[in-house]
Amino acid sequence: MERRNFLRTAVIGSSAAAFGGTLWRGAAFADPAQPAPGPYGALQAANGDGIRLPSGFTSRVIARSGQTVPGTSYRWHRAPDGGATYADGSGWIYVSNAEVSPSSGGGASAVRFNSSGTVTSAYRILGNTNNNCAGGATPWKTWLSCEEVTRGYVYETDPWGVNAAVRRPAMGRFKHEAAAADPDHGYIYLTEDESDGRFYRFRPSTWGNLSSGTLQVLVAGSGTSGPVTWANVPDPAASSTQTRYQVSGAKVFNGGEGCFYAAGTCWFTTKGDNRVWAYDATTSSISLAYDDSLVTGGSAPLTGVDNVTRSGSGDLYIAEDGGNMEICLITPDDTVAPFLRITGQSGSEITGPAFSPDGSRLYFSSQRGTSGSSSGGITYEVKGPFRSS
């Protein structure tokens with residue numbers, strides 16, 4: 001995700017989804033979340049990693065772009081972006097995209113941890129691809145790595161690095177950003193990073209096999225809420241016409257970014273207008289859950305919307321693209337507050353937030369670090385008393 005200097009001040013509203021067993025209030029999203037003290041208290045002074053955290057939380061650097069991952073012989077990729085974690089016996093794996101060209105090492109890498117959180121290995125899981133931005137995990141434990149280029153592909157990769165990555169053209173060729181698997185209804189949702197982008201869903205012919213299926217685009221009126229329908233994209237390969245222009249009436253979304261599914265709802269963000277949308281997969285309707293124009297009572301702590309993830313307690317974590325380099329959280333009781341802030345890195349953005357399978361550690365990256373270039377990326381881990389209920 002290139003730096004967005006034009007993002008406007010933003011705050012996310014309430015959600016209709018149940019995250020980790022906690023219900024978000026209401027489906028109408030009439031009341032946007034408002035700034036309030038966070039559940040973990042105020043941010044403390046910057047630590048040795050330059051991160052301001054709540055009391056009781058600690059951080060460490062896992063890897064730096066262009067340098068060997070400590071404890072391994074693997075050199076970490078440039079411009080780390082979207083990420084996810086996978087249980088690995090008593091340990092876990094964190095995967096991370098590289099948003100650079102093939103000649104600069106585009107693709108994705110993985111870091112493996114043992115049960116105590118010690119790094120045991122790091123390795124490449126995808127190579128020779130172009131500007132892999134975000135993506136998404138599947139229920140069958142693969143990583144969908146998405147190319148953010150015109151007529152880009154989705155690649156299905158193996159976080160363990162055993163099976164070769166597979167290109168999935170049936171999922172469409174467009175400027176992919178993120179993907180979110182919906183096992184309840186059998187779809188993969190896809191965002192498109194264009195100022196006149198669309199929101200898609202892919203239905204595999206067989207759930208768990210992405211080699212064939214139907215690509216659809218969301219169709220709706222000009223409003224920001226209400227029932228929607230879906231239409232088949234005639235030519236997912238975009239042989240002569242870009243996918244976003246193939247269906248009349250397809251709803252325009254201004255710069256699709258992060259995408260996350262939980263308990264019947266798919267959340268996705270749009271950077272051009274600083275909005276968070278909620279698609280209710282059960283009722284096939286959308287709601288505008290966040291809009292900077294709905295902020296009341298002063299400025300909001302969240303100044304950009306990008307990658308999203310959630311904790312077991314139902315808190316939604318949103319990484320900032322630029323701004324003051326914060327990860328903010330939205331609680332189930334409709335409050336928004338900073339969870340952490342990286343200091344001294346105004347030329348970067350936060351990418352790839354993902355919790356370890358047990359919910360005790362949060363992984364993320366500063367894509368360009370202090371250098372402001374793709375070679376300066378830093379991948380972090382934060383550990384602490386994350387609430388589970």
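How many salt bridges does the structure hold, and where do they sit?

Mentor: This is a predicted model, in which local features need pLDDT of at least 70 and side-chain atom pairs count only at pLDDT 80 or more, while totals for chains, interfaces and linings use all residues. Residues are numbered from 1 along each chain as its sequence is written, and side-chain values use heavy atoms, with hydrogens and water left out.

The structure holds 13 salt bridges, a salt bridge being a side-chain nitrogen of Lys or Arg within 4 Å of a carboxyl oxygen of Asp or Glu. Side chains of opposite charge can pair when their charged atoms come close.

One of them joins R168 to E156, at 2.9 Å from N to O. This pair links distant parts of the chain, with R168 in the loop between β13 (166-167) and β14 (176-182) and E156 in strand β12 (residues 154-157), 12 residues apart. Strands here are DSSP runs (E, at least two residues), numbered from the N terminus. Both R168 and E156 are buried, that is, under 20% relative accessible area, where exposed means over 50% and partly exposed lies in between (1.4 Å probe, protein chains only).

Another salt bridge is formed by D196 and R244, whose closest N and O atoms are 3.0 Å apart. Here too distant parts of the chain are linked: D196 belongs to the loop between β15 (187-192) and β16 (199-206), R244 to the loop between β19 (229-232) and β20 (256-262), and 48 residues separate them. D196 counts as partly exposed because its relative accessibility is 21%, whereas R244 is buried, with a relative accessible area of 10%. D196 and R244 also belong to a network of salt bridges that includes E192 and E194.

E381 and R361 make a further salt bridge, 3.3 Å from N to O. E381 is in strand β30 (residues 378-383) and R361 in strand β29 (residues 361-366), so described as a link between distant parts of the chain, 20 residues apart. E381 and R361 are both buried.

N307 lies in the loop between β23 (285-291) and β24 (308-310) and is buried, with a relative accessible area of 6%. The N307 side chain makes a polar contact with the side chain of D306 at 3.2 Å. A polar contact is a pair of N or O atoms within 3.5 Å; within protein, one must be able to donate a hydrogen and the other to accept it, and residues adjacent in sequence count only if both atoms are side-chain atoms. The side chain of N307 also reaches the backbone nitrogen of G352, at 2.8 Å.

As for cysteines, a search of the whole structure finds zero disulfides, a disulfide being a pair of cysteine sulfur atoms within 2.5 Å. C146 is in no disulfide, and its nearest cysteine sulfur, that of C133, is 8.7 Å away. C146 is buried, with a relative accessible area of 0%. C259 is likewise in no disulfide, the nearest cysteine sulfur being that of C266 at 3.5 Å; C259 counts as buried at 8% relative accessibility.

Definitions and conventions: Helix = DSSP H or I, 4+ residues; strand = E, 2+ residues; numbered from the N terminus.
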